[in-house]
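Have the viewer open as you go through the points.

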Amino acid sequence: MDTYLSLPYGHDTPLPEGYVDEVRTPDALVERFVRERTDPGDAVFDPFAGFGTTLAVAERLGREPHGLEYEPDRVRRIVDRLADPEAVRHADALRFDPDTVPACVLCFTSPPFMTEGMASNPFENYAGESTYDDYLADIETAFGRVADAVTPGGWVVLDVSNLRTDEGVTTLAWDLADAVSGVDALSFAGETVVTWERPPDHEGENYQYGYDHSYCLSFERVA
Ligand SMILES: C[S@@+](CC[C@H](N)C(=O)[O-])C[C@H]1O[C@@H](n2cnc3c(N)ncnc32)[C@H](O)[C@@H]1O
């Protein structure tokens, strides 16, 4: 497993009309992990599918994509991108039944983010209320279910970052590593530091969240 990666930053498709500044995983990062951790025909899961980057890359590489997404409009956008409209469904990652997902070799995902100062609930797309401690407990619940959808020896990889705001730094990457490590069936296998190749006129610019790097946290599904 690489512990450091530098990849081109970009997306294969533009954001759908009406969306601005939404967080998406660059396609090259998903591709790197799908190629490294799976074979053609393997099932790949994203329980926080967003605009469908993981699912679209998996499908393009001949893997079988499966995804969940909380926002109905995003589900429709993903369906438009995929050959198999059944590959994604409208569901809550905190409550889905793992038996409804085929056994997956890789879960590659980026969960909704929260800073310590926020009071809205990321798992309801920032509509309801939450505390940071409740959010971390919800992360453990969601990944407990995710673990049951992954085959022993398979992988759960989280694309995350620490968050630097005017209020200070939330060590989200460290805290997510800790919360997901609370799931008995997942064993933390280490982090990959990810930086982005930028054109010369963008040098020194931060990626999102006030940093110029992010992390992929790898967990192995243990028997
Ligand atoms: C960081 S985004 C994922 C972006 C994705 N990796 C991409 O490249 O498009 C997190 C996604 O999780 C979704 N989400 C939030 N709460 C959820 C829940 N309870 N169940 C499933 N999805 C949820 C949000 O609507 C959002 O689209």
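This is a predicted model: local features need pLDDT of at least 70, side-chain atom pairs count only at pLDDT 80 or more; totals for chains, interfaces and linings use all residues.

Across the whole structure, a search turns up 0 disulfides.

**Cysteines**

- A disulfide, in general, is a covalent bond that joins the sulfur atoms of two cysteines.
- C107 takes part in no disulfide, and the nearest cysteine sulfur, which belongs to C104, is 7.8 Å away.
- That 7.8 Å can be set against the cut-off used here, which asks for two cysteine sulfur atoms within 2.5 Å.
- Is C107 buried or exposed? C107 is buried, and its relative accessible area is 0%.
- C216 is likewise in no disulfide; for this residue the nearest cysteine sulfur is that of C107, 12 Å away.
- C216 is buried as well, with a relative accessible area of 0%.

**Where the ligand sits**

- The ligand is found in the largest pocket.
- Around the ligand there are 23 residues, and the closest are F51, T53, E69, R74 and D92.
- Sorted by class, this shell holds 12 nonpolar, 6 polar and 5 charged residues.

**Polar contacts and burial**

- T53 places a polar side-chain atom 2.6 Å from an oxygen atom of the ligand.
- For E69, too, a polar side-chain atom lies 2.6 Å from a ligand oxygen atom.
- In the side chain of N125, an N or O atom is 3.4 Å from an oxygen atom of the ligand.
- How much of the ligand does the protein bury? On its own the ligand exposes 610 Å², and the protein buries 97% of that.

Notes: Residues are numbered from 1 along each chain as its sequence is written. Side-chain values use heavy atoms; hydrogens and water are left out. A residue is near a molecule or strand if one of its heavy atoms lies within 4 Å of it. A polar contact is a pair of N or O atoms within 3.5 Å; within protein, one must be able to donate a hydrogen and the other to accept it, and residues adjacent in sequence count only if both atoms are side-chain atoms. Accessible areas come from the Shrake-Rupley method with a 1.4 Å probe; for residues, only the protein chains shown count as cover. On a 1 Å grid over the protein atoms alone, a cavity is a set of points where a 1.4 Å probe fits but cannot get out, and a pocket is an open set with protein on both sides within 12 Å along at least five of seven lines; lining residues have an atom within 4 Å of a point. A molecule sits in a cavity or pocket if more than half of its atoms lie within 2 Å of its grid points. Ala, Val, Leu, Ile, Met, Phe, Trp, Tyr, Cys and Pro count as nonpolar, Asp, Glu, Lys and Arg as charged, and the others, Gly among them, as polar. Buried means under 20% relative accessible area, exposed over 50%, partly exposed in between (1.4 Å probe, protein chains only).
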